[in-house]
There are 2 protein chains.
Amino acid sequence: MFDKFDLDKSLEKSEYDSVIDGLRERLGVLQREFRDKKIPVILVFEGWRFSGISNTINRLTYALDPRGYRVHSTQQPNEIERAHPMLWRFWLNTPSQGQIAIFDRSWYTDTLLKYSDAGKKVPLSSHALSDIITMEEQLANDGVVIIKFFLHVSKKEQKKRLKKFQDQHKEFSEDDSRAPKRMRDYDAMQPVLERLLSETSIENAPWTVVEGNDRRYAIVKVYETIISRMEGALDSRADLATQKPAKKSSNAAKSQNAERSILQTFDLTKSLSEEEYAPRLLVCEKRLHELQYIIHTKKIPVTILFEGCDAAGKGGAIIRIDRALNPRCSVVEPIAAPTPDEKSHHYLWRFIRNLPKAGDITIFDRTWYGRVLVERVEGFCTETEWQRAYKEINSLEDYLVRSGGILMKFWLQIDQNTQLKRFNERENDVLKKYKITDEDWRNRKKWDIYSIATDEMIKKTSTPAVPWTIVESNDKYFARIKIMETIVAVLEEAVSSTGKNKKSV
Amino acid sequence: MFDKFDLDKSLEKSEYDSVIDGLRERLGVLQREFRDKKIPVILVFEGWRFSGISNTINRLTYALDPRGYRVHSTQQPNEIERAHPMLWRFWLNTPSQGQIAIFDRSWYTDTLLKYSDAGKKVPLSSHALSDIITMEEQLANDGVVIIKFFLHVSKKEQKKRLKKFQDQHKEFSEDDSRAPKRMRDYDAMQPVLERLLSETSIENAPWTVVEGNDRRYAIVKVYETIISRMEGALDSRADLATQKPAKKSSNAAKSQNAERSILQTFDLTKSLSEEEYAPRLLVCEKRLHELQYIIHTKKIPVTILFEGCDAAGKGGAIIRIDRALNPRCSVVEPIAAPTPDEKSHHYLWRFIRNLPKAGDITIFDRTWYGRVLVERVEGFCTETEWQRAYKEINSLEDYLVRSGGILMKFWLQIDQNTQLKRFNERENDVLKKYKITDEDWRNRKKWDIYSIATDEMIKKTSTPAVPWTIVESNDKYFARIKIMETIVAVLEEAVSSTGKNKKSV
């Protein structure tokens with residue numbers, strides 16, 4: 001592939017001077033237009049070692065209003081980053097609406113490093129590539145314009161620049177060691193890079209290889225590519241705007257209910273007496289506490305997701321788990337309506353930010369499944385968006401599990417009468433009054449629509465790796481014990497099977 | 001001091017059982033009331049090693065809605081935290097309005113560790129104590145209720161618990177090593193702790209020493225203290241609410257102008273021709289680039305603050321600096337109106353979060369001085385609040401400098417005619433149109449009030465360690481060169497004086 005590029009391409013200084021001001025102004029105007037239209041942009045810069053990435057980014061940012069972009073240079077991951085799956089730190093740096101995130105090396109370098117460190121003969125697993133593609137597609141689907149550059153220089157040019165660098169910067173030579181050493185090993189890397197670039201050049205995020213022997217030529221090509229992609233994105237937005245998205249998607253929700261609901265197959269009347277409950281809870285608490293230590297020592301990240309009907313008892317169940325855990329390495333994340341900052345990112349962003357690091361336990365009280373529940377039912381997102389979410393969520397959960405994490409998800413189901421009884425109780429309880437709002441009463445009227453959404457969610461996202469646990473919750477004792485015993489069982493299995501704890505991603 | 005506490009105090013199980021449920025319910029109700037009233041709470045737990053901090057916190061959180069509190073356990077600082085001044089990571093974890101932040105060991109343990117690591121004979125400098133007091137006072141003044149506990153056990157009891165722990169937890173023994181080892185060295189630590197506690201027991205954040213030999217007694221005392229402090233805080237709020245704060249403080253602003261304005265002493269007509277400007281800029285850019293490398297290698301954090309009249313040329317000046325810098329270790333932080341999350345913290349929080357780590361350069365486009373400028377003039381805060389801010393800001397800047405950082409602050413001043421000319425130009429410029437809003441025209445009418453606020457700010461916050469640089473900015477060339485040459489000069493001095501780069505805090 002690389003041999004198809006003519007590295008002799010160059011620009012005279014006079015040619016360069018005659019075009020560069022126009023390009024800068026055009027890019028500056030586009031940046032402002034993107035800000036007004038709230039379109040986020042990701043620019044990825046990869047390339048051979050000494051291909052001039054830093055210089056190119058510097059020239060590029062000349063044109064940009066500093067309030068609208070941020071350069072993320074991909075250094076060695078820090079402690080916290082190392083304790084999360086590889087892509088985590090990049091997710092955190094995805095741009096909010098209207099912002100430009102410039103990656104000076106990226107998940108591609110990390111992927112190459114990881115596999116060249118592992119000393120594998122074929123350094124790229126298809127999982128690694130599909131994880132990248134999934135992330136980029138999710139972002140692109142959410143409206144992020146992704147533009148990726150590979151700066152290509154010849155072996156000879158690279159050698160020349162290395163020599164020059166070493167002569168000039170004896171004291172700083174360590175400073176450029178972020179690029180994998182193998183990126184200098186031209187012949188060995190060439191086939192690996194060719195595969196990487198061709199397999200990850202997807203429709204929404206294609207690679208542009210930039211002939212980089214001549215810096216002026218490279219900079220102009222980068223400018224022109226960005227401008228053309230940004231203009232293209234504006235055009236396709238304009239096209240989209242003519243098609244009005246359906247605001248409420250409740251019709252779509254209703255139409256799905258041909259088969260029998262999964263939820264109806266559960267016996268909600270299951271119960272436990274207090275005499276059965278108390279000792280079983282105690283056993284669970286004790287064992288959970290011990291298991292947490294082992295999990296912590298083995299550095300396994302554990303994520304526990306809770307969804308359920310209003311007043312199904314999520315809070316009460318979570319408190320019981322939380323009490324058994326050492327707060328030094330566990331946290332409950334209550335999920336409310338997104339803040340403006342959260343709203344201006346991909347909907348998964350606020351959850352990914354708060355995922356546990358290795359050895360910690362995070363309990364989410366409401367989760368990313370809000371996308372296919374409340375957001376679907378209330379029309380906070382389009383049908384295309386929530387339909388897409390099933391796959392997006394499955395991919396994310398799959399990624400977390402393959403990265404060595406444990407995921408559990410609980411759906412707490414009650415019937416309508418139980419809900420009514422609990423709502424009334426809450427109104428009269430000094431400690432629980434705050435839990436009941438007008439919104440809860442409004443949601444109650446949408447019981448059937450929510451049931452349809454729940455049913456579809458459970459069918460589409462109960463995967464072998466991360467199945468839903470449906471918790472019959474009319475009786476709180478029964479529900480809490482089922483949850484606690486499930487968590488203990490899953491953790492027991494995880495700590496006993498050593499193979500499962502290995503990071504495979 | 002410690003000998004005044006009777007460690008034989010204890011509670012029978014029956015007594016404990018008869019009070020604990022009532023205490024839990026009361027605390028639960030108070031938590032909800034604090035949430036509704038948006039009052040943040042900080043609970044600090046310190047104590048001898050094996051004094052039962054973890055267990056006490058666990059018992060305490062029984063009573064709390066997990067959505068309203070977070071436990072921060074103070075582990076060894078991570079890489080990023082180590083690259084900031086000590087108090088930085090605690091600032092980040094201050095609670096937002098209505099939330100409770102529980103610190104399982106805190107800045108006190110860090111302070112003790114730091115000085116016992118340093119092997120000093122008197123392990124507490126008065127700077128270390130006054131930095132802590134300053135932080136706590138700033139938070140308390142902002143409405144945070146701070147409740148600090150020291151769990152006190154006898155030497156004998158400590159020994160007993162250590163033995164028990166070692167027997168039970170052979171595999172996890174390393175896990176409790178967060179407490180300084182000297183915290184076990186009872187006799188040596190006692191005078192140090194006594195001094196620490198007595199000097200930091202300030203009016204708004206007094207220490208409560210808890211007799212901890214008997215766990216039941218300790219837990220009840222902790223509950224009762226928290227409840228009494230929280231109830232007290234509610235009462236004093238109620239008192240405050242009867243005194244209406246003056247919403248607009250413009251009168252107060254006007255009354256300050258007896259002396260001649262500092263700003264009037266500057267000659268705004270100073271200028272440079274393009275022929276003078278271009279080569280001097282080039283020299284600065286080149287040297288700044290080199291200095292950045294040295295700064296980076298020496299791991300000095302550099303903060304550059306920009307304030308000035310609207311259209312004074314802050315953006316243009318910042319772009320010139322930014323161009324000279326390697327984006328791998330520099331960033332521009334544009335400050336807009338605070339987000340809801342930022343609003344629900346101390347006004348310094350959002351700036352502190354974004355301070356540079358050691359070796360990085362952060363340029364703030366507008367700063368914490370907003371408190372005494374726009375917030376004062378527009379009445380976004382009370383007069384008490386902005387009057388207090390001068391000292392708060394001076395303390396923060398002083399702390400950053402003593403922690404080994406470099407701070408520079410620039411005020412860009414233009415006259416009213418120049419501003420009018422630039423506003424009109426902006427309206428007609430495709431790249432600058434977005435910079436001018438109705439608000440700018442409104443602010444222009446408040447020129448005199450802003451001048452008074454600026455004048456007072458410069459007088460009160462130009463300290464020997466961090467003086468303001470007033471930049472005569474009617475001529476952009478002159479202004480940019482003055483800024484660039486000042487930055488270069490300050491950095492030159494910093495890298496040449498080795499003593500100055502040492503961390504002294």
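Mentor: We begin with a term: a residue is buried if 20 or more other C-beta atoms lie within 10 Å of its own. By that count, 40% of the 505 residues of chain A are buried. Please keep in mind that this is a predicted model.

The part to look at is strand S4 of chain B, residues 145-152. All 8 of its 8 residues are buried, so S4(B) is largely enclosed by the rest of the structure. In a regular strand the side chains alternate between the two faces of the sheet. In S4(B), one way is taken by B:Val145, B:Ile147, B:Phe149 and B:Leu151, while B:Ile146, B:Lys148, B:Phe150 and B:His152 point the other way. Both sets are buried, B:Lys148 and B:His152 included.

Next come the partners of the strand. Strands of a sheet pair through backbone hydrogen bonds, either parallel or antiparallel. S4(B) pairs in the parallel sense with strand S1 of chain B, residues 41-47, over 7 bridges. One pair to find on screen is B:Ile42, whose bridge partner in S4(B) is B:Ile146. S4(B) also pairs with strand S5 of chain B, residues 207-211, again in the parallel sense, over 5 bridges. Here B:Leu151 stands opposite B:Val210 of S5(B).

For the sheet as a whole, turn to chain A. Its open sheet of 5 strands runs in the order S2-S3-S1-S4-S5, with parallel pairing. Strands S2 (69-73) and S5 (207-211) of chain A stand at the edges with a single partner strand each, so one side of each has no neighbour in the sheet. On average, neighbouring strands of this sheet are turned by 20° against each other, direction ignored. Within the sheet, S1 (residues 41-47) and S3 (residues 100-104) of chain A pair in the parallel sense over 5 bridges. A:Val44 stands opposite A:Phe103 of S3(A) in this part of the sheet. In total, the secondary structure of chain A comes to 21 helices and 10 strands.

How do the two chains relate? Two copies of a chain are related by a rotation about an axis and a shift along it.

B:Val471 is buried because 26 other C-beta atoms lie within 10 Å. Leaving aside neighbours within four places in sequence, its contacts include B:Phe410, B:Trp411, B:Leu412 and B:Ile483. B:Lys159, by contrast, is 312 residues from B:Val471 in sequence and 63 Å away in space, C-alpha to C-alpha.

To sum up the strand you asked about: S4(B) has 8 of its 8 residues buried, and it pairs in the parallel sense with S1(B) and with S5(B).

Note on methods: Residues numbered from 1 in each chain as written. Chains lettered and ligands numbered in written order. Predicted model: local features only at pLDDT ≥ 70, side-chain atom pairs only at ≥ 80, totals over all residues. Buried ≥ 20, exposed ≤ 12 C-beta atoms within 10 Å, placed from the backbone. Helix = DSSP H or I, 4+ residues; strand = E, 2+ residues; numbered from the N terminus. Pairing = 2+ DSSP bridges. Contact = placed C-beta atoms within 7 Å. Axes fitted to C-alpha atoms, helices over the stretch in contact; angles between N-to-C directions.
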